[in-house]
Amino acid sequence: MSGKVTLRTEEAHETIRANLQLLSTSIFDNTDPNASKRLIDSTRRLIDEFEVLPKLLDLLLQTYISSITKLYLDVKDEKIELRMPNLGNDIASLVLSLAKVRGYKFIATFFSTDVYLFHKILDLLFSEVGSRNNDECYFLLLWLSNLVLVPFKLEAISRSVAARVSDIANKFINLHTSASRTQTVALLVLARLFTRADCTALFSGYTESAKLAWPDCNDASKLGYLMTFNQILKRASNIEAQSFAYIIYNDIILHDLYCLVLSDMNSVNTANVRILIKVSSKVSRYHVKSLQWAKVAEMVDILLYIASAMKERFDTSLRECLAKSISRLVAFLSISAEKYANQLVEFMFKRIGSDTNIDQIWIEEAINDGRLTIPLCHTVLLFCGFLAINKLFPRKNIPALLSLTHQTSFLSYHTTGSYQYSQLRDASCFCMWALLKSLSSEDYEFIMTSDTKAFANLFIDLIKITIFDEDLTIRRCGSAVLQEFIGRFGSMFFPSVFPRISDDKVGALSIRLVELFDTNYIGTVASSFKLVHDMVALGLPKQIFVEKLIEEMSSDFCPFSVKQIVANTLCKVLNQSQMHSAELGGIEYSTDQVIELIVFQLQKRNYGALIALAELQLSNSLLYDIAKEVHGFVLSCEFDIHVDKSDKGESIIAWFVAAFKTNLDLETAYMVSVALAISRLNLSDSLVKVFRQFFALSFEIDLNLFKEVCEQIKTGNNVLAKSILCQSLTESRLDLLIEIMLDKSIDAQTRAYLVQELREVLPEFESYETLQFACLSLLDDYTISSQGDVGLLIRLACIDLLNGSQIFLRAIKEDAVRKLWRIAGETLDKLRIASISCICEINHDDSARSEFLMFQNNYGLYFEKLLQYASETFADETSRICLWSGIVKSAGASVAGADLINMAFRNVLAQFETENGATQTLSALTRLLKIPDGKTFNVLLPQEKKTIMGALNVWVKLLDAEVTVPTSFNFEGLYIRAYNLHINTLQNSRIGVVIRIFQHLSSRPDVPKTLRESARKRLQWLAIKAPSDSSRAMALDALFELVIEVDPENPLLEMIDDVDASTRMSVLQDIKSVLKEL
């Protein structure tokens, strides 16, 4: 892997260097302006490739920065932007790309420190203030941030330079109300300037002006000041920073904090709040140093009040900022005042309504009654996590933290109906992970001594999070924490809960648990729930999971799809045998108690409970009296399609299945009539699944009810269409469904579902001729609607049916294969591949099938392989004609992808490389032009017309390409077929294609002379008597084309655009005399 990265890195570096050289050339040689833009875009993309391994840029970073800065200054000096606007901004964007990959502070160190550039950079910046060239401003400010670090007094350069730097930096800092990238670099400039030894007066003046102006400043100005203060406190020495902190504390920090407390929290600028938190945290450190505990407490209290008052507006970035700030303050306190550090931790816990000496913190209750907000709770969790990751969380408070995470880990939409709780669950996982990372084996022993159940409860919580959380991200978090727990403390924990386990089995158990909780096993809710059975099999007590499963089922907010999985899992767990289980506590439920709880949920109209009871009834776990009670409840239910939801309908059908299989009293007519009402619900996989189980039951539907089923299918009832064929059918009832499949007035998707489900009855009806005939007819279904060719759904379903039914296919193989060859040459990719795959399956040719699947996105190789494979496998001429009837729809298509049309026709041309191939191809194309006996073109089916038009178009393309036609070919047959296709019609498109053919027949030397004359005469006739002006014009144009071939200089050609009705006859006479020479 590293070898590939290095190789690509060298190539990227080489290309970047070449691009920068070419950029200079293209700019100053006054070449295409777009070439410069393309080179810059290309270079940016190459720089972005280094995001994975940024340090690989370092080797040539100095070269790149030097080249870019020189190029930028040259562009400005030569005023290139007069002819190439925004070029300077585009060049500067390259530095922005480098900064994104490598970091702006690191990039700044590579800029030139030539002091003679100071005023030039400043002049450029002053000219760009307020412009839209943000990349250029960023680039110049970054350069300036390096220049202000020169190791001598700035007044040696110019007396005004320091003031100018301060002025320009302040302008950009106050430009926006959000911490933009130009503001970030501008405040870096200002912080570096003010912390210079020769700029103390400037710094003092800035601080005094800030104090005086602060009450009247707008948000943008305040943000600028605060960002600068933050940078200054980072860079200043302890003495300078302490002095500065005391100066701004009362007049600025406290002023703004109290203003926030009194202001409307819906209108505060969150960017200002975030920077204010950072500055407050840094100022508090100096209060700690001077032992001013009251001021520290006051500041923390105000910040937490603001967090609570802002509610949802106190967003994730603010919470993280506040949590980090207070955790750093605790870290600072722990060095000199550990007692106060511990008090601050306890103070944070009390903010969420907890005394850390008790085990339970009722978070959900506090949030629901408004005593606690989610943002504040989230902040406290993050605070605890940051403390733990730095190994600063007090050992004595760990039980309180575990109690907190125990509750916040399970606040979810399923239990409360609020999506906001996902942030708390995520933070809880972070806390647990950070805590486990920080604990030592001595800490483990200490905690187990004070609370023997602490780690057992933690282990159970992590199992539940990883299996049951509705959010995949949280499940993955839980998995990571669980694996951390097992890896660090599994050898100590498992012997305590599995008393009989040996040391070697502890290791095996740990490995097995880590394997099971890999992210591959928790990708979906269904796969996660399957882990329950594995956990019970490993010895984890059932009650852990039963309690959670009942909770999920009882929730009003848990989706019905999840409740179905819960019901299935619960039934299997109750019936799962278990010899020994771990001693992990929990409430132990008997099967009867669980059933009682489920019945209670059913009485509350929780229909997920009915699914569970149906599962239990099928496993004979319900007592007869309870089953009768549930059965009576279901029979008393009425289903109203306009009121009731799918969960009720699916549950009733599931109970019908269980009741019928366990011989509870149930009238078939009643059962079917209720099912018909429920079937009108929206189509879903779960609904279809229970209906398939329902119709698979061994009962016969009354004929009148069955006809009602058919009527509902005709109106588009797709649930019935996808399930009715599971019913045991007679030939007469199957005939009713076949009629629906063949009825093109019925929705194509509904018919396609019926065709798909025919596989249910094929074993029983594989020799039924009506069904065989129907399948062959369905391969010819080209129904057109406002949505286009909806018949493709039918054809595809039929091909899929034949693909998996070789015995059924055997009876209709010959006719079916011919139709499949036709479809294999048509334009629709999915149908072509399915069709040729079916042919290969019939021929037992897996290698050819694999090749076709590889070529499905390469039209050229596909059609080449198709024609080659066809020539090797054709049994008769009819199959060849069928294939060509499909190919002409691709090669001669008027509406299709250009690549498809071109590649198909290219492979048609390839057939003319041999005389035999040319003969067969021309023969097939000529035959396709024939209108069936006893019919006219107008009465043909749309696809028959499309085939003929495709064949005409292919003929025109071949004649345009001047292919070599075998001497044995009968041109007269082509003439007659073309002639028949243009008479008795007003369709200009067809007449136009025939005119093109007549034009070629009139001039080709290999066409018999008499036939050439006939074609010319026909063109002359059409130029006079064609049914429309456009057709007559096309014929006349064709005649002029012939004149050009005979005599390109003929003066008659000058009239080509001036012919009208009055001159048409005389012009045609002149053309006739000229064409005699042909």
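This is a predicted model: local features need pLDDT of at least 70, side-chain atom pairs count only at pLDDT 80 or more; totals for chains, interfaces and linings use all residues.

Residues are numbered from 1 along each chain as its sequence is written, and side-chain values use heavy atoms, with hydrogens and water left out.

The structure holds 3 cavities of 30 Å³ or more. On a 1 Å grid over the protein atoms alone, a cavity is a set of points where a 1.4 Å probe fits but cannot get out, a pocket is an open set with protein on both sides within 12 Å along at least five of seven lines, and lining residues have an atom within 4 Å of a point. A volume is the space filled by probe spheres set on the points, which are joined across faces, edges and corners.

The largest cavity has about 80 Å³. Among its 12 lining residues, Phe410, Ser412, Phe468, Asp469 and Lys548 are closest to the centre. Helix 23 (454-468) gives the largest share of this lining, 3 residues.

The second largest cavity has about 60 Å³. Its lining takes at least two residues each from helix 13 (270-289), helix 14 (293-310) and helix 15 (316-336). Ser280 and Leu303 are among the lining residues.

The second largest pocket holds about 750 Å³ of space. Of its 24 lining residues, Arg822, Ser885, Leu928, Glu944 and Thr947 lie closest to the centre.

How values were computed: Helices (H or I, at least four residues) and strands (E, at least two) are DSSP runs, numbered from the N terminus.
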